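Me: Could you take me through this model and say what stands behind the terms used for it?

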Amino acid sequence: MNKKVSFSKGLQKLITKNKKNRESNCSFLQRMIKTKTLYEPFLDYILEHPRENKRNFSAICNCFKTGKQASAWFLNYGGFGYTYGKYLLKKWEEAQKPEDVIKWMPNFSPWALEERFGEIKIGSIPKDFTNEATFLEILNDILKSEAVSNYLEIKRLEGKPEEFASKYPEIKKIDMFQMDERRDFIKKLLSKYCMKPFIIQKMDKEYVITFLCNPFSSKIVFKIEVKGSQTYIVKTLPYNIVNISSDRTRKEHENQAIRADSPFSNAMLEFYLKLNKSPHAPNILYYNYQYETALYEENKGSFYSFDDKPYAMRDFLHFNKKMMKDANLLGVYINDISYGNFLMPSDSKTLKIIDIGHASYANPLTPPVPGLCITLGNLCGREYLPHFGVFNL
């Protein structure tokens with residue numbers, strides 16, 4: 001069993017208020033999970049206090065004499081998992097907008113969100129873009145730009161080695177199976193053919209657009225500088241998927257969305273952190289599923305470097321425990337701990353996540369609900385959470 005852990009003050013207060021005289025915590029939990037007037041406020045509290053999740057999970061386990069009894073309470077028919085799933089479906093139907101449910105957990109599927117809310121739009125467009133329609137016009141102009149056209153051609157050639165070599169003979173000196181060499185070569189091509197800034201004018205405003213190079217991402221990222229105002233970051237797919245004309249294109253969009261490091265998976269995790277006021281959350285402003293696009297206000301600060309840190313800090317466990325404490329309390333664990341994914345703001349000592357793409361989510365008292373939730377993707381090759389999770393750590 002887990003080491004002795006007490007309930008959080010809030011949940012203990014709720015339990016004390018509803019327990020009968022001389023009733024043990026174990027007996028109360030058994031009664032509570034079968035009594036609507038008890039389990040609804042209990043589960044409301046769980047959803048409203050996600051940072052207390054692991055502590056209260058351990059405290060619940062400690063109420064039972066054996067691990068087998070605790071598992072039965074969680075997993076048996078009529079137990080926590082069953083009652084929680086039924087309760088969450090009821091809350092899901094009561095929700096008015098995507099933010100209402102994403103605040104609870106970030107792993108709802110795009111098709112479930114779309115079916116429930118009609119469209120998936122989160123946040124709002126800042127005044128620098130006048131309105132949503134103008135922002136989407138700018139986005140379409142970006143997608144039609146020479147930078148994106150060149151990007152798509154380079155990525156097309158990457159999958160055709162002979163044609164690639166005929167156009168860029170210098171590739172013959174590169175070992176394309178060696179990740180560093182391949183990345184550096186493609187990054188140089190993208191820098192040369194995609195990164196020249198260009199200007200888009202809308203109404204009376206001028207937007208300076210710059211491609212931000214990442215040779216291995218499925219999404220493209222641009223910096224948008226608004227003359228005399230703020231700087232923004234937009235993450236989107238390199239092709240237009242707005243008009244879904246068949247089941248095939250719908251499936252293609254859904255598969256892109258649930259892919260690791262997609263604008264969708266990024267936005268769900270980042271809005272989850274933001275809605276729960278995590279200091280690690282980036283300045284995400286807006287997400288639109290139809291356009292598979294997310295907009296951010298640029299974070300100011302310096303990139304977090306691992307070069308001057310102890311080797312242990314490059315390890316998933318050490319980095320998460322030391323630098324991502326609040327995200328971990330919320331059940332978000334960062335797998336891709338590469339340079340460029342984190343920023344240390346000049347006015348803070350708390351690390352900001354600026355590319356969350358391959359994170360895992362696990363919070364024991366808010367498990368995924370069949371039909372509504374997915375497991376978030378991870379392509380970075382590092383994920384210790386399920387590995388150590390089998391040892392109940």
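Here is a short exchange on helix packing and on a cavity.

Reply: Happy to! This is a predicted model, where local features need pLDDT of at least 70, side-chain atom pairs count only at pLDDT 80 or more, and totals for chains, interfaces and linings use all residues. Residues are numbered from 1 along each chain as its sequence is written, and side-chain values use heavy atoms, with hydrogens and water left out.

Me: Why is helix 10 called roughly antiparallel to helix 12?

Reply: The axes of helix 10 (residues 146-158) and helix 12 (residues 179-194) cross at roughly 150 degrees. Angles over 145 degrees count as roughly antiparallel, so helix 10 is roughly antiparallel to helix 12.

Me: What makes the contact between helix 10 and helix 12?

Reply: Helix 10 brings A147, N150, Y151, I154 and E158, and helix 12 brings R182, I186, L189, L190, Y193 and C194; contact means heavy atoms within 4.5 Å.

Me: And what makes helix 1 roughly antiparallel to helix 3?

Reply: Their axes, for residues 9-18 and 36-48, come within 10 Å and cross at roughly 170 degrees, and so helix 1 is roughly antiparallel to helix 3. G10, L11, L14, I15 and N18 of helix 1 meet L38, P41, F42, Y45 and I46 of helix 3.

Me: How many cavities of 30 Å³ or more does a search of the whole structure find?

Reply: The search finds 1. A cavity is a set of points on a 1 Å grid where a 1.4 Å probe fits but cannot get out, and lining residues have an atom within 4 Å of a point. The largest cavity holds about 30 Å³ of space, and its lining includes L139, Y239 and T293.

Notes: Axes fitted to C-alpha atoms, helices over the stretch in contact; angles between N-to-C directions. Helix = DSSP H or I, 4+ residues; strand = E, 2+ residues; numbered from the N terminus. Parallel < 35°, antiparallel > 145°, perpendicular 65-115°, else oblique. 1 Å grid on protein atoms, 1.4 Å probe; cavity = no way out; pocket = protein on both sides within 12 Å on 5 of 7 lines; lining within 4 Å. Points joined across faces, edges and corners; volume = space filled by probe spheres on them.
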